Amino acid sequence: MKTAKEVLERAMQLCGYVNGEGAPDRLRDADIYKRGLALVNQIYTDMFFAETPEGGFSPLTSMEQEIPLSARCVNDILPYGVAMLLAQAEGDATTQSIFSYAYNQKRAGGVKTMRRIADALPKGEW
């Protein structure tokens, strides 16, 4: 998975919003696809600042755009966050609760940025 569309479709599969063949249905779920970029951007924003707190953020502008985060984040964390928001938007409280828990667990154990710890001792003459 690399694009926002792929993340959205994986989230739809996780929630069970698929046709009889197990694939998302663009015609039946056109309203989900219309909201898809906003849903993906919400979770992308959260994870962008978790991975790169000092980076320059720019929201996704297209569903075909590749998400500039680590492969682990895009493949393992983003779909669960998008599934959580998707279920919430659909009024599916049980599914939303399941994916809220899963997303928060994955996010907590996810990618952390390394930060340098500065010397906190005062520098002065003794």
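Tyr-44 is buried, with a relative accessible area of 2%; here buried means under 20% relative accessible area, exposed means over 50% and partly exposed lies in between, computed with a 1.4 Å probe on protein chains only. The model is predicted, so local features need pLDDT of at least 70 and side-chain atom pairs count only at pLDDT 80 or more, while totals for chains, interfaces and linings use all residues. Residues are numbered from 1 along each chain as its sequence is written, and side-chain values use heavy atoms, with hydrogens and water left out.

Tyr-44 lies in helix H2 (residues 30-51), whereas Phe-57 lies in the loop between H2 and helix H3 (71-89), so their pairing ties together parts that are 13 residues apart in sequence. Helices (H or I, at least four residues) and strands (E, at least two) are DSSP runs, numbered from the N terminus. The ring centres of Tyr-44 and Phe-57 are 5.3 Å apart and the planes meet at 35 degrees, so the pair is tilted. Rings of Phe, Tyr and Trp (its six-membered ring) pair if their centres lie within 6.5 Å; planes under 30 degrees apart count as stacked, over 60 as edge-to-face and the rest as tilted. Phe-57 has a relative accessibility of 28%, so this residue is partly exposed. Both belong to one aromatic cluster, formed by Tyr-44, Phe-48, Phe-49 and Phe-57. The structure holds six aromatic pairs.

The protein chain has four helices and zero strands, and from the N terminus on its elements run α-α-α-α. Of its 126 residues, 35% are buried. Contact means heavy atoms within 4.5 Å. Among contacts between residues at least 6 apart in sequence, 62% join residues at least 24 apart.

H1 has twelve residues and reaches 17 Å from its first C-alpha to its last, close to the 16 Å expected at 1.5 Å a residue; the expected span is 1.5 Å times one less than the number of residues. Its buried residues are Ala-4, Val-7, Leu-8, Ala-11, Met-12 and Cys-15. They cover an arc of only 140 degrees around the axis, which puts them on the same side of H1; the arc is that of the directions from the helix axis to the C-beta atoms. These buried residues pack against H2, H3 and H4. Just after H1, Gly-16 takes a positive phi of about 85 degrees.

What happens to nonpolar side chains inside a protein? In soluble globular proteins, they tend to be buried together. A nonpolar core is a set of buried Ala, Val, Leu, Ile, Met, Phe, Trp, Tyr and Cys residues joined through side-chain atoms within 4.5 Å. The largest one here has 33 residues, and those that touch the most other members are Leu-8, Ile-43, Met-47, Ile-67, Leu-69, Leu-78 and Val-82. H1 (4-15), H2, H3 and H4 (93-109) each give two or more residues to this core, and H3 gives the largest share, eleven residues.

Val-40 is found in H2 and is buried, at 0% relative accessibility. Leaving out residues up to four places away in sequence, Val-40 touches Ala-4, Leu-8, Leu-60, Ile-67 and Val-82.

H4 has 17 residues and spans 24 Å from its first C-alpha to its last. Thr-95, Phe-99, Ser-100, Ala-102 and Tyr-103 are buried in H4, and what covers the buried residues of H4 includes H1, H2 and H3.
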